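Look over the structure, then read on.

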Amino acid sequence: MLNLEGRVALVTGGSRGIGKSIVETLAKAGAKVAFVYRSSKESADAMVSELSETGLEVLAIQGDVSSKEDAERIVEEVVNKWERLDILVNNAGIINDGLLAIMEKDAWQSVIDTNLTGVYNFAQSVMRQMMSQRYGRIVNISSVAAEFGNQGQVNYAASKGGIQGLTRCLATEVGRRNVTVNAVAPGFIETDMTEAVRNAAEGEIKKRISVRRLGLPEDIANAVLFLASDEASYITGHVLTVDGGLTLGGF
């Protein structure tokens, strides 16, 4: 198994779904893991308690990823506690679907602020620490929606496409300091966020996936674990699609 002993990780949107699986996977690999949650304090505390009982070191921090002040505060708290920060996983994301012709500005802005500006906020906030320690792994969670059009998701697709562009550009800026920046683009994963779509068309979706199943949060977490490890030290600016072959034939 890939080993993250001695590493410190920070995961945004870490209290449920893909984020929760990422937290658990990184912690089980030996990392000390802090995760950001926005409002579900009870769930976050229960998660910390559950993982701590198995001997894993996990910390929950409340914050809004769209706030630069919160991002800086959270990064500072993690560094003060564990004296370094090696891995950042920008996972926090929301959807607010609707056709562009009738989309309210708030629906556009809320998705951009959380999904894309949140990545900027945390990536910039960890820069000084990672560059000074000459080690860092940034993994951004994008989506196959960034490259394959889907009606009613112009805001979501724009945010995820922005993440991919940010990933490639940032990788060129920080590589000389031994900081890599990559992205993972999930397909259809069994989470709360995809529940409505799955309920409406799960059978049809599976027919379009080469491996004939929906993805699990662990499928994404394992990809993140690899990109966060030393074994991926020569990979940067890459977008790893994890979709079971969904996009081989498009939507």
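**Helix packing and cores**

The crossing of H1 and H7 is right-handed (the near helix is turned clockwise from the far one by less than a right angle). This is a predicted model: local features need pLDDT of at least 70, side-chain atom pairs count only at pLDDT 80 or more, and totals for chains, interfaces and linings use all residues. Residues are numbered from 1 along each chain as its sequence is written, and side-chain values use heavy atoms, with hydrogens and water left out.

**Helix pair**
- The axes of helix H1 (residues 17-28) and helix H7 (residues 217-228) come within 8 Å and cross at roughly 50°.
- On the H1 side, Gly17, Ile18, Ser21, Ile22, Thr25 and Leu26 make the contact (heavy atoms within 4.5 Å).
- Their partners in H7 are Pro217, Glu218, Ile220, Ala221, Asn222, Val224 and Leu225.
- By class, this contact has 8 nonpolar, 4 polar and 1 charged residues.

**Nonpolar cores**
- A nonpolar core joins buried Ala, Val, Leu, Ile, Met, Phe, Trp, Tyr and Cys residues through side-chain atoms within 4.5 Å; buried means under 20% relative accessible area (1.4 Å probe, protein chains only).
- The largest core has 34 residues, and Ile22, Leu26, Phe35 and Val184 touch the most other members.
- H7 gives the largest share of this core, 7 residues.
- Beyond its neighbours within four places in sequence, Leu26 contacts Leu4, Ala9, Val11, Ala31, Val33, Val89 and Leu225.
- A second, separate core of 27 residues includes Val79, Trp82, Ile138 and Ala171.

Methods: Axes fitted to C-alpha atoms, helices over the stretch in contact; angles between N-to-C directions. Helix = DSSP H or I, 4+ residues; strand = E, 2+ residues; numbered from the N terminus. Nonpolar A, V, L, I, M, F, W, Y, C, P; charged D, E, K, R; others polar. Buried < 20%, exposed > 50% of the residue type's maximum accessible area, 1.4 Å probe, protein only.
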